[in-house]
Amino acid sequence: FTPYLEYPTGVSLRFHALDPLGGLLALPLTPLLGPVATMNVKFLLALVGSAFFAYLLLHDLTGNALAAFAGGALYTFANRQVLIDYSLGTQNYLMGVALLPLFCFFLQRAITRSPWRRDGLSALLLLLCLALTDWQYTLFAVLLTVLYALFTIVTLRGRAAPLLVRLALIGGTWAAIVLPTLVWPMLREAHASP
């Protein structure tokens, strides 16, 4: 809640993309570099992370380093959202752009490899980190997980049960953590506030 917006009554910040993960990353850098340089470093790290994590995902899927490099560059620099966020000065949202391909990388590994627990835990942690950046990319990750589950059901039919259990464990654990702490309070706030 802040009284500085819609003064004097104030407004709740439950629906605001505060980017607490970005704030945690900025904490050690701000005293050393200052707030402006820290934001620039975060922006550069988001771009580098976005390209590198997309490269990891594509290299894991294709096995071709050149194609993965090109795909990572396209994902990062031909992304309309990156251009909009850069031009509007809303670089905080770029953390989600960087984490989404890394989530997909670990989700894909959790489904296709054994043992899967380490990759599944990594996917879960990244999904939680996405929930602390921007809800847009969290929604993308959740929808991707649901679509992956549907794809698994359709393509594997009788052999889909173990993979669906993995997806349900990742998604269910995330929901058990995020729904009571973030989503239910947001829904209560939306119901109580005009």
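## Salt bridges around Asp60

In this predicted model, the side chains of Arg113 and Asp60 meet in a salt bridge, with 2.9 Å from N to O.

Arg109 counts as buried because its relative accessibility is 19%, and the limit for buried is under 20%. A search of the whole structure finds 2 salt bridges. Through shared partners, salt bridges join Asp60, Arg109 and Arg113 into one network.

## Overall architecture

The protein contains 9 helices and 0 strands. Read along the sequence, its pattern is α-α-α-α-α-α-α-α-α. Along the principal axes, the C-alpha atoms fill a box of roughly 60 × 40 × 30 Å.

Of the 194 residues of the protein, 38% count as buried. The protein exposes about 11600 Å², and carbon and sulfur atoms supply 72% of this area. Among contacts between residues at least 6 apart in sequence, 62% join residues at least 24 apart.

In soluble globular proteins, nonpolar side chains tend to be buried together. In this model, the largest nonpolar core has 38 residues, and those with the most contacts inside it are Phe103, Leu107, Leu130 and Trp174. The elements that each give two or more residues to this core are H3, H6, H7, H8 and helix H9 (161–192). H6 provides the largest share of the core, with 13 residues.

Which residues does Leu107 contact, leaving aside its neighbours within four places in sequence? Leu107 is in contact with Ala123, Thr145, Tyr148, Leu167 and Ile170. One of these partners, Ala123, has its place in helix H7. Ala123 is buried, with a relative accessible area of 0%. Not counting residues up to four places away in sequence, Ala123 touches Phe103, Phe106, Leu107 and Ile170. A separation of 23 Å lies between the C-alpha atoms of Ala123 and Leu74, which are 49 residues apart along the chain.

Is Thr38 buried or exposed? Thr38 is buried, with a relative accessible area of 1%. When its neighbours within four places in sequence are left aside, Thr38 is in contact with Ala26, Leu29, Thr30 and Leu33.

## A nonpolar patch on the surface

Val146, Leu147, Leu150, Ile153 and Val154 form a nonpolar patch on the surface. Together, these residues have about 450 Å² of accessible area. Val154, one of the patch residues, is located in helix H8 (residues 135–156). The relative accessible area of Val154 is 53%, and this residue is exposed.

A disulfide is a covalent bond between the sulfur atoms of two cysteines. How many disulfides does the structure hold? The structure holds 0 disulfides. For Cys104, the closest cysteine sulfur is that of Cys129, at 15 Å, which is too far for a bond. The cut-off for a disulfide is a pair of cysteine sulfur atoms within 2.5 Å.

Cys104 is buried, with a relative accessible area of 15%, whereas Cys129 is partly exposed, with a relative accessible area of 24%.

Note on methods. Residues are numbered from 1 along each chain as its sequence is written. This is a predicted model: local features need pLDDT of at least 70, side-chain atom pairs count only at pLDDT 80 or more; totals for chains, interfaces and linings use all residues. Side-chain values use heavy atoms; hydrogens and water are left out. A salt bridge is a side-chain nitrogen of Lys or Arg within 4 Å of a carboxyl oxygen of Asp or Glu. Buried means under 20% relative accessible area, exposed over 50%, partly exposed in between (1.4 Å probe, protein chains only). Patches are made of residues with over 30% relative accessible area and no salt bridge: like charges are joined within 9 Å, nonpolar side chains (Val, Leu, Ile, Met, Phe, Trp, Tyr) within 5 Å. Accessible areas come from the Shrake-Rupley method with a 1.4 Å probe; for residues, only the protein chains shown count as cover. Helices (H or I, at least four residues) and strands (E, at least two) are DSSP runs, numbered from the N terminus. Contact means heavy atoms within 4.5 Å. A nonpolar core is a set of buried Ala, Val, Leu, Ile, Met, Phe, Trp, Tyr and Cys residues joined through side-chain atoms within 4.5 Å.
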